[in-house]
Amino acid sequence: MTTVRAPGVWKRSANLRVGFLYLLPSIILFSVFLFYPMIRTIYLSFFLTDQNGNAAVNVGFENYSYLLTSPAFLNSMKATGLFVLYTVPIGIILALFFALLANEKLKGIGFFRTMYSSTMGISVAASSVIWLFLFHPSVGLFNRILLAINLPQIQWLLDPEWALVSIAISTIWMNTGFSFLILLGGLQNIDEHLYESSRIDGAGYFYRLRRITIPMLSPTLFFIITISLINAFQTFGQIDILTKGGPSQSTNLIVYSIYREAFINYQFGTASAQAVILFIIILVVTVLQFKLLEKKVHYQ
Amino acid sequence: MKRVELIDVSKSYDKQVDVISNIDVTIEPGEFFVLVGPSGCGKSTMLRMIAGLEEITGGVLEIGGKRANHLSPDKRDLSMVFQNYALYPHLTVGQNITFGLDVKKVKKTVQMERAKEVAEMLGLTDYLKRKPRELSGGQRQRVALARAIVSEAPICLMDEPLSNLDAKLRAHMRTEIRRIQRKLGITMIYVTHDQVEAMTMGDRIMILHDGKIQQVGKPIDIYNYPANPFVASFIGAPPMNISPARMEPSKSGIFIEDTIHVSMNEAQSIASSARSLLAGIRPEHIKPVITGAEEGNKIQVDVTNVEILGNETVFSFQVGQREWMAKWSGQWDMAIGDKVPILLGSEYFCVFDEETGELIRKPEGLEHLSIAKEVSI
Amino acid sequence: MRDSTLKKVWIYFLLIVTSVMVFFPVLYAFMISFMSGPEILQGKFFPESFKFDNYLKVFDRLPLVKYLLNSFIVSLTVMVGQLAVCSLAAYAFVFIPFKGRDFVFFIFISTMMIPWEATMIPNFFTIQKLDWLNTYQGMSLPFFALAFGTFLLRQHFKTIPKELQEASQIAGLSRFAFFWKVILPVSKTSLVTLGAYGFLTTWNMYLWPLLITTNSSVRTVQIGLKQLQSQEMSTDWGVVMAGVIVVIIPTLLLLFIGQKQLQKGLSQGALK
Ligand SMILES: Nc1ncnc2c1ncn2[C@@H]1O[C@H](COP(=O)(O)OP(=O)(O)OP(=O)(O)O)[C@@H](O)[C@H]1O
Ligand SMILES: [Mg+2]
């Protein structure tokens, strides 16, 4: 065999170098604004800090043990858990219902699709302000309706019993747009022939829904469930505008709690510990999600 | 017009198994060279090594007498047409054709001129403003061709360019490509898995199997004198009938599948002793017995299948373990189960050494059939 | 035949009722934005007349034009930045084979698991140390790299036949030229999707601007809304709603125009 002088290491690694160059912006940005701060957050969670967020006293796991025994934090965790429970299932079922309706081939369906997806174009701040008005104790629409049908009025945002539910209702509304859009896209990716052949077999609507639509949609559903879960844990804007965590801490969801601890109380150590806990929760939830659901998801 | 020379070229993707090995071949300037072989045999790999899209892991590639192993694709002075055409979907036909010229900073006026000329040659003038997705498969194919021609590269590589077209269009494009190649005198290296394409287009063909060269030569020579059983059964349709055979003790002929005796006068020279052999005969060389007076080995066979293809009749019959086929011109009235007398002319038989695959006896007396042959493949 | 007509009527009924319910809050806000204080107290749905008094007032009370401009600048910057950074990365992940590429990609994807809020404290201090509080770069730069965007574009790039790259190689196109002249134009649709998504999410961003804007120099409309709402608490809902309408109009328009595109593009990213 004729020997060929192999090109040098420099030349052979050309792809590696060029590839790295193209990835460089992402790598730098991720390092500065994601990896470094994540590590720094973990680091700070073991310290008491000064006003400028510098580590002052190493307290080991004390921040964590403090948090896990603090009624305020436990309350915040409970509120977060409840909030997720209130918003995610209902939100997705509602969006799925809308998507199924909007997937019918009818005249003017484009108009309805636009209506359903509209909330995606409305910011959390704007939505919150609108809902603040709807929930208003005297001029708000809901209480007017209750009054009109002779029911006792509700202090939607001021009653600790109701505040979290109210926030959940407004959040479901805010999120339907995005979930709807994704689910509709998923529905439209399903091969039309599947329906045609099942129609020939004489399958009814709900049979088709159960045996074709849902299984074929499962990857999209899986995606939107994951995203919705993560989003629910990250809720902030509506709390800040609607209730500021009140009344009596009943809507102090975890991100709001982090925000207050860090930027109002300047307790960056405990705030970081909370942030780490948030990170762990999201990690566990997504991993569990993948483990539990991936088996059932039907990928084409 | 450049020569392309491969000297002991080999290729492996994982540094262990060679997918191509010991390729030694010279493609002459202006030649239409066809690379043919079954799927996965390494045709594309070899072509892509010539193009510089794939690294050569062993041996030397010379283009125009210069070593080109590590030359980048654009420095090799060649053009390439891909199976899926690889047209830029966002550019118009005109822009697609001039794309390469634009990259090479050819003047706009010259670009236009050359594009117009090539478009005319390929009948694309009316489509220059369209996007590729607004064209039919055949038109896209022609755009891809135009793109290769317009570059005026002395070497053109094509990887199964016609396999996405329907049969009729394919036949038309075959002659079209051949005509253009002759006209421009470019060196063409053409990959196909279709032996009809190989036979009809190539000045020379190279048959590849498992990454190894099986045979290189003119289409007719390969058809007549296949170098080994693989080539014999790969080229020609229906394929050559091949069965195990052995030398008769008296050396006056051979026994095929222990059932058919074929006498051969020069049998002595074929095999020294009890080597196992393979005997092969093309279906069209199995002749009907009509008058009863024909010379040669006459036998009776039971027809197991018949296909009448309009102008010819193909039927099969059992020879020992194998099913053989015969092809007769004309429409023959026969049915499954019929007994048919056939004539096995000993001069038509190829004999291979079973172990090495080597052709040890060439068929004879084929010259006078050369006119009929190329039609009947 | 009658069966299917009945079904159609049912579906239209459901479509109309539910979509009106979904859109009602926005419509209501729109109506309120034309009402005076007493009208709102009466609890009417339609205003007496469509006067723009409240709109004039809201532009008077807040530097809303400035905020709108800021929102535009920040959203456009993030959009362009994300498109550039993500498309470069996605290009490398599809068209430049190198050792360890899959591993790097895995790292990229796993960044999706890190909630942004878990990193905001150090990020705030980083921006503070860089002296980037109240600057456009402080508002936008942290959001340029986006795993989701890279993933979305990679999905699309993977559908581009690799022969296109080989044909360009033979034509003598450099790697960057291939990216610029072929890949980007060919991927226009998914770039538009990602661009619209980036613009929308940035326009609607709340927590980060809240943290790093302390004056009106780069403050966005979302924070403006918060200001407006806390100023006007018990009084002038008409003015507040006028502000809301002004803020949502750009994104609603963008959504209405790009709804189809977004729905197609985003669901592509959702499927592996
Ligand atoms: N990138 C690769 N990595 C590893 N093995 C490869 C790669 N590309 C091709 N091969 C292997 O090399 C062999 C030859 O492939 P090649 O594509 O050259 O076949 P081919 O003759 O062109 O077949 P076809 O007619 O189907 O196109 C095959 O066995 C294939 O599996
Ligand atoms: Mg191939």
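## Polar contacts between chains A and C

In this predicted model, 15 residue pairs make polar contact across the interface of chain A and chain C, with both residues of each pair at pLDDT 80 or more. On the side of chain A that touches chain C, the biggest contributor is helix H2 (residues 14-44) of chain A, which gives 20 residues. Sorted by class, that side of chain A has 61 nonpolar, 25 polar and 8 charged residues.

How many salt bridges are counted between chain A and chain C? The count is 1. To find a salt bridge in the structure, look for the side chains of Lys226(C) and Asp240(A), which meet at 2.7 Å, N to O.

## The area they share

Now for the contact as a whole. Chain A brings 94 residues to it, and chain C brings 90. Between them, the two chains bury about 8,200 Å², and 77% of that area lies on carbon and sulfur atoms.

## How confident is the predictor?

For the complex, the predictor gives an ipTM of 0.88 and a pTM of 0.85. Chain C has an average pLDDT of 88, and 96% of its residues score at least 70.

Where in chain C is confidence lowest, and where is it highest? The lowest mean, 80, belongs to helix H2 (residues 37-42) of chain C, while helix H4 (residues 64-95) of chain C has the highest, at 94.

Key: Residues numbered from 1 in each chain as written. Chains lettered and ligands numbered in written order. Heavy atoms only, no water. Contact = heavy atoms within 4.5 Å. Buried area = accessible area lost by both parts, 1.4 Å probe. Salt bridge = Lys/Arg side-chain N within 4 Å of Asp/Glu carboxyl O. Polar contact = N/O pair within 3.5 Å; in protein donor to acceptor, adjacent residues only side chain to side chain. Helix = DSSP H or I, 4+ residues; strand = E, 2+ residues; numbered from the N terminus. Nonpolar A, V, L, I, M, F, W, Y, C, P; charged D, E, K, R; others polar. pLDDT = per-residue confidence, 0-100.
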